[in-house]
Each structure stands twice: as C-alpha cells, then as structure tokens.
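Please read the following note with the model open beside you, and check each point against what you can see.

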Amino acid sequence: MDTLISENGVFLPIPPFQAVRLHFILGTILVLTSMVAHTLFPINLITHPTQTLFIIWGIVGPVLMILFGHLRQDMEQCSYFRAAGRGYVGLVAGAIVNALGAIILGAPVGFEYFTKTLNWSLLMSSFTFVPAACAFGSAWTHWHRVFASTKAFSFIDYMIRIPAYGAVIGAWFGAWPMPLDWERPWQEWPICVSYGAMAGYLMGLVASSVCIIFHNRRQQHLKGE
C-alpha cells in the first residue's frame with residue numbers, strides 16, 4: 001500500500017490495484033460517454049461541439065467527484081459529501097482559470113463562442129481541478145506538491161498530476177492545426193482542442209498506471225532488501 005505522512009497523521013492508503021482500477025474506470029467512462037453522445041444522439045464534436053462537450057463533462061465530472069471523494073486525504077475532518085461539494089467548487093474555479101488561459105493563448109472571443117468555451121473549460125476543469133479539489137480541498141501545500149513538484153510522494157499524486165498534465169499537453173498540441181489554412185470543419189474552436197485534451201487525458205491515465213505499478217514494485221524491492 002501507499003501512504004503519505006502529513007501533519008494531520010497518515011493519509012489514506014491506496015492499494016496500487018485500486019488506483020489502476022480507478023484509471024480504467026475513468027478511461028472507460030470517457031470513451032463510452034463520447035460513444036453515447038454519438039450513438040444515442042445524432043451529434044458529435046464536429047457537428048455539435050457545445051452539446052457534445054456538455055454531455056461529456058456532465059457525466060465525467062460527477063464521476064470524478066464520486067471516485068475522488070472516496071480518496072479525500074482529510075477523511076476525519078471532511079465527510080464524503082463535503083468532498084464531493086469541494087469538487088463542484090473546483091469545477092467552477094477551474095473552468096474560470098481554463099477559460100482565461102485559453103483566451104490569453106488566443107482562443108476566439110465573442111458571444112457565438114461563449115457556450116463553446118464554457119463547456120470546453122468545464123471539461124478541462126473536470127480533468128485538472130476536480131480530482132485535486134475532492135482529495136485535498138483548499139490545502140495549498142498539497143496542490144503545490146502535486147502540480148509544482150517533480151517528485152511524487154504517493155500514488156494519489158500520480159493519479160491527479162499525470163492525467164491533468166496529459167489533458168493540458170493534449171489540448172496544447174490539439175490547438176496546433178487551428179490556424180492552418182486547411183479549411184477543415186474540425187479546425188474550428190474548440191473541436192480539435194477537445195479531441196487533444198481527451199486523448200491526452202487517456203494517455204495520462206495509462207502513464208499514471210504504469211508509474212504506480214513501477215513505483216509499487218520499487219517499494220517492494222527496497223523493502224525486500
């Protein structure tokens with residue numbers, strides 16, 4: 001098991017199998033949600049980006065809150081429902097940060113883009129802010145450790161950091177084709193950026209699982225010595 005000592009005591013131990021299983025669940029739900037939007041409704045990111053993004057983050061976001069609410073690191077002081085509530089606060093706060101960041105980096109501004117940017121920002125916030133908000137609340141030291149430090153002290157660090165980085169990097173790479181003069185419908189904001197973010201998040205889930213397995217084996221090897 002993986003433990004992390006804090007000033008408040010021992011954090012919740014997370015078995016590696018549980019961490020990898022959670023990643024598998026999240027990846028499966030993200031893929032299935034995208035398929036549901038295309039199968040049950042005649043929509044997809046290219047034809048109806050706003051509605052499709054709404055369906056995806058509207059399912060993935062609450063699932064993240066449910067799963068990471070169980071991994072809250074202040075379990076004695078924070079109830080499960082309060083942890084889930086922190087996820088909603090993180091969802092809104094993260095959406096504002098992601099929207100401002102996208103606009104600063106060149107996302108189009110205008111009334112016709114408002115709902116597209118809003119739903120994309122909520123999806124990105126689900127990937128980046130919600131898990132940390134549920135697990136850590138507003139504890140800045142933990143946020144700094146997870147997102148600003150290069151060293152991971154627990155499995156939950158990998159579970160939050162790597163998929164979040166994957167989503168951000170994927171969105172960044174997804175934005176590259178937008179200014180090119182190809183005149184393709186998927187170049188419109190925020191279609192390719194959304195595809196890139198979801199692909200990056202899925203890759204981050206895989207990379208996080210690999211890191212957790214490797215870290216666990218390394219710990220067992222050190223204990224064996």
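**Notes on the predicted model**

1. Starting at the N terminus, the elements of the chain follow the order β-β-α-α-α-α-α-α-α-α, which amounts to eight helices and two strands. Helices (H or I, at least four residues) and strands (E, at least two) are taken as DSSP runs and numbered from the N terminus. The radius of gyration of the chain, taken over C-alpha atoms, is 18 Å, close to the 17 Å that the globule rule gives for 225 residues, so the chain is as compact as a globular protein of that length. The globule rule used here is 2.2 Å times the number of residues to the power 0.38.

2. Before going further, please keep in mind that this is a predicted model, in which local features need pLDDT of at least 70 and side-chain atom pairs count only at pLDDT 80 or more, while totals for chains, interfaces and linings use all residues. Residues are numbered from 1 along each chain as its sequence is written, and side-chain values use heavy atoms, with hydrogens and water left out.

3. Along the principal axes, the C-alpha atoms of the chain fill a box of roughly 60 × 35 × 35 Å. Of the 225 residues, 48% count as buried, where buried means under 20% relative accessible area, exposed means over 50%, and partly exposed lies in between (1.4 Å probe, protein chains only). Among the contacts with a separation of 6 or more, 69% join residues 24 or more positions apart, a contact being heavy atoms within 4.5 Å.

4. Which residues have the most contacts inside the largest nonpolar core? They are L26 and F68, in a core of 50 residues; a nonpolar core is a set of buried Ala, Val, Leu, Ile, Met, Phe, Trp, Tyr and Cys residues joined through side-chain atoms within 4.5 Å. The elements that give two or more residues to this core are α1 (16-39), α2, α3, α4, α5, α6, α7 and α8 (191-224), and the largest share, nine residues, comes from α2. Leaving aside neighbours within four places in sequence, L26 is in contact with V63, L64, L67, F68, Y201 and L205.

5. Helix α2 is mostly covered, with 15 of its 21 residues buried. From its first C-alpha to its last, α2 reaches 29 Å, close to the 30 Å expected at 1.5 Å a residue, where the expected span is 1.5 Å times one less than the number of residues.

6. Helix α3 (residues 80-104) has 25 residues and should span 36 Å at 1.5 Å a residue, which agrees with the 36 Å between its end C-alpha atoms. Its buried residues, including G87, L91, A95 and N98, pack against α2 (49-69), α4 (111-128) and α5 (130-136). After α3 comes G106, with a positive phi near 115 degrees.

7. In helix α4 you will find T117, which counts as buried because its relative accessibility is 9%. Apart from neighbours within four places in sequence, T117 is in contact with A99, P108 and W189.

8. How many salt bridges does a search of the whole structure find? It finds one, a salt bridge being a side-chain nitrogen of Lys or Arg within 4 Å of a carboxyl oxygen of Asp or Glu. The side chains of D157 and R145 form it, at 2.8 Å from N to O. D157 belongs to helix α7 (residues 155-174) and R145 to helix α6 (residues 140-148), twelve residues apart, and D157 and R145 are both buried.

9. Helix α8 holds A197, which is buried with a relative accessible area of 0%, and also R217, which is exposed with a relative accessible area of 59%. Leaving aside neighbours within four places in sequence, A197 is in contact with M124, F127, A167, G170 and A171.
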